[in-house]
Amino acid sequence: MQFGLSEEQVLLQDNVNRFLSDNVPLERVRKYAEDGSDADIWQGLTELGIPALLIPEEHGGLGMTPMDAAIVAESIGYHVAPSPFLGSAIMAPVALSRSDNDYSELLGQIIEGKTRIGIAYGESVGNRNDAGVSLDNGKINGKSIFAFDSEANHYLVADKTKNLYLINADEEGLIRKELTTVDKTRKTVELVYQGAKAELVSSNSTVYDATLDIGRVMLAADTLGAAQNMIDQSVAYAMQREQFNRVIASFQAVKHMCAQMAADLEPCRSLIWFASHALAELPDESRVTACHTKAHLSEVGKSVSKTATEVHGGMGFTDLLGLHYWFKRIGANRQWLGAPELVREEAAKLEGLVA
Amino acid sequence: MDLSFGSEYDGFREEVKTFLKNNHDKAPSGRVIGESQAAQQSLDWQKLLIENGYTCRTIPKEYGGYGAEPNIIETRIIAEEFASAKVSQGLGGQGISMLTPTLLEMGTEEQRQQFIRPTIYGEMSWCQGYSEPGAGSDLASLTTAAVLDGDEWVVNGQKIWTSSAHIADWIFCLVRTEPEAPKHQGISFLLFRMDTPGIEVRPLVDMTGVANFNETFFTDVRVPKDQIVGARGQGWQVANTILGHERETLATSSMTLSRLNAVKDMMKQETVSGERLIDNPAYRDRLMKLQGREMAMRFNEMRILSSRLNEGQDATLARMITKLQGTELRHEVEGMAIDILGEIGLAYEDNPYLRGAGSWQSQYMYYLGLIIGGGTNQIQKNIISERGLGMPKEPKFEKSK
């Protein structure tokens, strides 16, 4: 019995952490917030093999496990790194490699970092506003909002019956517009389809479910990393900030805030490990577990990001310190691919508790 | 990741299952806490379990145990199978859970010979004399004094929260023997009979209505000099050899899961205004929220187990947080059951509308007790922040006037 990271997984995490520490300091995140390009970061992660992680070996990928991917997601979250990881390294590879179509060529381009595939799942997870798509004779009409990755070359679009379509970002009849959100570490777009050519990737709902489940676990892992960083920053700040002639880390009021954050977050690490392991190995449990993991990390992330900001006092509220990038990242992860109340209701349905 | 215990343990699990199948009808219902009042059935069951190695498994044969090599996985498999068969795993109580491992670690050969066998067979029951009215979270400031007079210690002072003191045969007790030494180095660990002249036990009824706790008073209680575990002044270390272990066992995930499942089952059966509780979205969401927390704690426990089996896997913080989080979660689970029942959730004692034999209310309060006991959850946060996160201790202050 071994419940934890293997030596190879520790090594993988060290490698990704080293690259991100060296190349994505807070200034780099701020620059992304201004100019909106993360191409160099993705290039670096590509050289580390990240887009190839989940792609099966027969397509030239590394054929690694969802747990390996979760470890990477955690590191990316820790550094609030801008990157198309969720779509290009996770959800699209899972969809394309399970499709009945042959996507070897496209998967090869993903591995080389030449193609980025965004995701437009809002309508299938929980339709808002007047968004929604319909396909007729290979032409797509309608609109997706808050689709992810503003620099993608293709988008994987889900409709409300769990069909998955692939559409080229340069396709005639597709209008892409950036949508500003509070999270400046990843950019989202509105996609308006006016009879643009689209290809059916899969009409098998299990393919869609597989992409959604793993996407949710990766967002939860991103929150785990981001929240861990906020705790680390809080403890470090409290150790050097002095008031009343003492470091504030010596006040129980502050210590107990930090202890509560750690006590809430530490079990989440085991939850992520189990949930990501279950995706590959425990099909009976994996769907429910993915929902609970997404919801639970959303709740813990919310309280950690609030508490950590409070530990920093007035500085926590400033742009200067930049702590807010983590706060907003965690806030965005909470809403994407299903807010906690919706995801918990899905868990209840999967368990057969609701008709 | 490898979640299985390995096929080499399949045979062992089968043995346990077979034992349970053949013998479960001999088991008493429920775990017996007050050892000296243990009915004959419990004592017979305890004997059978020891002989088969299903309790006191690693206690050496010469002290009456089964004498198996320590094996975490075997211990775990036994616990899992007994839990799933809902069969008692033998006697509990602080003599077996705390004193016996302490004697094995720190006792003299004579002490082990004298005490362990009757203790594990339920013939000698114990209470624990640690806390005092003035020494709770700051246990090391205890003032119950023992002064050597010839060949005897003379004990004077008062203990509180002494569970089962009214029925115990013996007490293991922390006393101050070196008043001049720094507080942690002036304590000794004594063992003495509860029928020694000068001991008075007064019951302390807790909020659940049960009088399991006591106040215990000592007036010139004379204790033979050699009934000390460890050296003079070493009592703090002796007590601490097993205190950390106690904390991790206060709210185990398997019990929390079984209680949560019981809440879920009740929500499928109980109705309010004709609607099943499980069909009410607000209650359902609350249940699902608790389920997420429960899962996180369950896997946290798997991680701790794994860290015991695999060298180099660190789970320090994961262990430190279990008492704080486990007791809070359990309290919430019990409280949820009360809330879904509404007014019926208030039913207690002989009320004909009682659900779950009244366990929801009593466990709800009992776990509030455990949030306070075993090192309050505020003390747990001090431990987490200081030893887990490396934050400094709060400076000491002069006594305020």
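Residues are numbered from 1 along each chain as its sequence is written, while chains are lettered from A and ligands numbered from 1 in the order in which they are written. In this predicted model, local features need pLDDT of at least 70 and side-chain atom pairs count only at pLDDT 80 or more, whereas totals for chains, interfaces and linings use all residues.

Q: Into which domains is chain A divided?
A: The bounds come from an automatic or database domain assignment. Chain A is divided into domain 1 (7-111), domain 2 (117-203) and domain 3 (206-350).

Q: Which element gives the most to the side of domain 1 of chain A that touches domain 2 of chain A?
A: The C-alpha centres of these two domains lie 21 Å apart. Their contact, counted where C-beta atoms placed from the backbone lie within 7 Å, takes 20 residues from domain 1 of chain A and 16 residues from domain 2 of chain A. Helix H2 (26-35) and H5 of chain A each give two or more residues to the domain 1 side; helices (H or I, at least four residues) and strands (E, at least two) are DSSP runs, numbered from the N terminus. The element that gives the most, with eight residues, is H5(A).

Q: What distance between its end C-alpha atoms does helix H1 of chain A have?
A: The expected span of a helix is 1.5 Å times one less than its number of residues. For the 17 residues of H1(A) (residues 7-23) this gives 24 Å, and the model agrees, because the end C-alpha atoms are apart by 24 Å.

Q: What covers the buried residues of helix H6 of chain A?
A: In H6(A) (residues 104-111), Leu106(A), Leu107(A), Ile110(A) and Ile111(A) are buried. They cover an arc of only 145° around the axis, so they are on the same side of H6(A). Their cover includes helix H5 (85-98) and strand E1 (117-120) of chain A.

Q: Which residues touch the most other members of the largest nonpolar core?
A: A nonpolar core is a set of buried Ala, Val, Leu, Ile, Met, Phe, Trp, Tyr and Cys residues joined through C-beta atoms within 7 Å. The largest one has 151 residues, and those that touch the most other members are Leu156(A) and Cys258(A).

Q: Which residues of chain B are in contact with Cys258(A), leaving aside neighbours within four places in sequence?
A: On these terms, the contacts of Cys258(A) include Ile231(A), Ser234(A), Val235(A), Ala238(A) and Val311(A). From chain B, the contacts are Ser385(B), Leu389(B) and Met391(B).

Definitions and conventions: A residue is buried if 20 or more other C-beta atoms lie within 10 Å of its own, exposed if 12 or fewer, and partly exposed in between; C-beta atoms are placed from the backbone. Two residues are in contact if their C-beta atoms, placed from the backbone, lie within 7 Å. The arc is that of the directions from the helix axis to the C-beta atoms.
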